[in-house]
Amino acid sequence: MFSSDELSSLRWDPVRGSVEIIDQTLLPHTLRRCHLDTLSDFCHAISTMQVRGAPLIGIAAAFGLARALSEDGSSKNLESARSRLLGTRPTGANLRWALDAICAAVGDLEPDRRGEAALARAIAMRSEDIAQCARIGEHGLTLLRRIEFGERLNIMTHCNAGWLATIQWGTALAPVYKAVAAGIPVHVWVSETRPRNQGMNLTAWELQRAGVPFTIVADNSCGQLMRAGLVDCVLVGSDRTATNGDVCNKIGTYLKALSARDNGVPFYVALPESTIDWNCPAGEAIPIEERDPAEVLTIAGVDAAGEACEVNLAAAGSPALNPAFDVTPGRLVDALVTEYGVYEATPAGLSELRASVYGRR
Ligand code: MRU
């Protein structure tokens with residue numbers, strides 16, 4: 001279910017020669033796939049969050065650049081398409097990582113060969129993402145197996161770091177799916193994740209389809225649940241990780257980490273290496289995306305007749321601010337779970353991970 005090509009957030013359609021995505025802005029009420037046929041389609045899908053989640057954004061951008069190069073492989077077009085895609089969302093590290101990977105794959109080629117080579121690289125990146133997330137799941141499972149729990153293992157997550165945020169499996173949800181498959185009685189606390197509600201709209205939808213027990217809770221209830229001893233660990237993803245172990249994830253993650261530390265609850269962050277910004281020394285250097293305040297002032301859903309609608313929440317004319325991410329200092333993170341294994345969220349831990357990835361230099 002969470003690891004089949006049938007349910008994948010993005011796939012290449014070789015017959016039509018284009019990319020098919022699930023439009024995540026319509027979930028959980030409507031499951032609709034749509035095709036991205038032009039560079040503008042890709043930029044629009046990323047900036048409006050039809051596709052979202054740092055790893056998926058990276059892969060979508062890779063296919064977007066390949067599409068642009070298939071029409072015009074000149075260096076001028078390569079640079080302008082890259083810059084348009086890079087401007088779609090500023091926080092996640094995977095966007096630049098994926099675009100750089102495509103540029104490295106095609107930079108030395110003749111312009112008329114670049115489109116094909118870029119597409120081959122994007123298709124390979126998509127497959128690599130599936131394998132990486134499966135490995136994150138296995139490494140995360142080893143951590144989960146060490147936790148003592150009562151009747152069920154209560155895992156709290158935030159936002160959506162499941163297969164909708166990657167290609168399959170997910171990052172933070174990969175260990176959950178692996179634990180369920182291993183027969184561990186898991187229950188997931190899904191925090192709604194205002195203002196876009198990715199927890200309530202996406203994570204809950206994923207878990208429900210996979211038959212994983214879960215409960216949706218208001219973001220503000222998480223501290224109380226931890227205090228009451230109802231949370232065995234917190235498991236979230238990361239959009240950009242600094243080399244000192246600071247992690248940047250969906251707004252509200254930091255408050256969960258603070259509360260977890262105060263209550264002795266382990267706080268784990270699951271991420272592929274592509275999420276690490278090796279040029280970023282600390283969380284303060286990470287650009288925090290500020291989205292339209294309207295996302296705070298309104299809420300989208302369906303009415304009693306099942307029709308999509310949007311409701312105004314605040315008094316007309318109220319000002320609002322909408323930072324989309326926050327930074328959790330590495331000192332509040334008990335472990336980083338990657339496809340290479342489990343590491344400390346410290347400069348030493350990141351150096352060790354870097355040595356595993358690139359060899360000791
Ligand atoms: O704004 P979004 O929905 O793209 O934010 C997504 C998250 O914050 C996820 O937790 C993050 O990308 C890690 S997921 C693999």
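The model is a predicted one, in which local features need pLDDT of at least 70, side-chain atom pairs count only at pLDDT 80 or more, and totals for chains, interfaces and linings use all residues. Residues are numbered from 1 along each chain as its sequence is written, and side-chain values use heavy atoms, with hydrogens and water left out.

The axes of α2 and α4, the latter spanning residues 93–106, come within 7 Å and cross at roughly 35 degrees; helices (H or I, at least four residues) and strands (E, at least two) are DSSP runs numbered from the N terminus, while axes are lines fitted to C-alpha atoms, for helices over the stretch in contact, with angles from 0 to 180 degrees between N-to-C directions. On the α2 side, A54, P55, I57, G58, A61, A62, L65 and L69 take part in the contact, and they meet N94, L95, A98, L99, I102, C103 and V106 of α4, contact being heavy atoms within 4.5 Å. By class, these residues comprise 13 nonpolar, 2 polar and no charged, with Ala, Val, Leu, Ile, Met, Phe, Trp, Tyr, Cys and Pro counted as nonpolar, Asp, Glu, Lys and Arg as charged, and the others, Gly among them, as polar.

Helix α2 (residues 54–71) also packs with α5 (residues 111–145), and here the two axes come within 7 Å and cross at roughly 165 degrees. This angle makes α2 roughly antiparallel to α5, since angles over 145 degrees count as roughly antiparallel, under 35 as roughly parallel, 65 to 115 as roughly perpendicular and the rest as oblique. The crossing of α2 with α5 is left-handed. From α2 the contact draws on P55, I59, A62, F63, A66, L69 and S70, and from α5 on R114, G115, A118, L119, A122, I123, M125, R126 and D129. Sorted by class, this contact of α2 with α5 holds 11 nonpolar, 2 polar and 3 charged residues.

Helix α5 meets α6 as well, with axes that come within 7 Å and cross at roughly 65 degrees, and the two helices are therefore roughly perpendicular to each other. Their crossing is right-handed. In α5, residues C133, A134, I136, G137, E138, G140, L141 and L144 face A174, P175, V176, K178 and A179 of α6, and the contact divides into 9 nonpolar, 2 polar and 2 charged residues.

With D239, an N or O atom of the side chain is 2.8 Å from an oxygen atom of the ligand.

L27 and P28 are joined by a cis peptide bond with omega of about 10 degrees, and P28 sits in the loop between β2 (18–22) and β3 (33–36). Another cis peptide bond runs from R194 to P195, with omega near 5 degrees, and P195 is in the loop between β5 (186–191) and α7 (198–210). W169, although not a glycine, has a positive phi of about 70 degrees, and its place is the loop between β4 (153–157) and α6 (173–181).

Definitions and conventions. Left-handed = near helix turned anticlockwise from the far one by under 90°. Polar contact = N/O pair within 3.5 Å; in protein donor to acceptor, adjacent residues only side chain to side chain.
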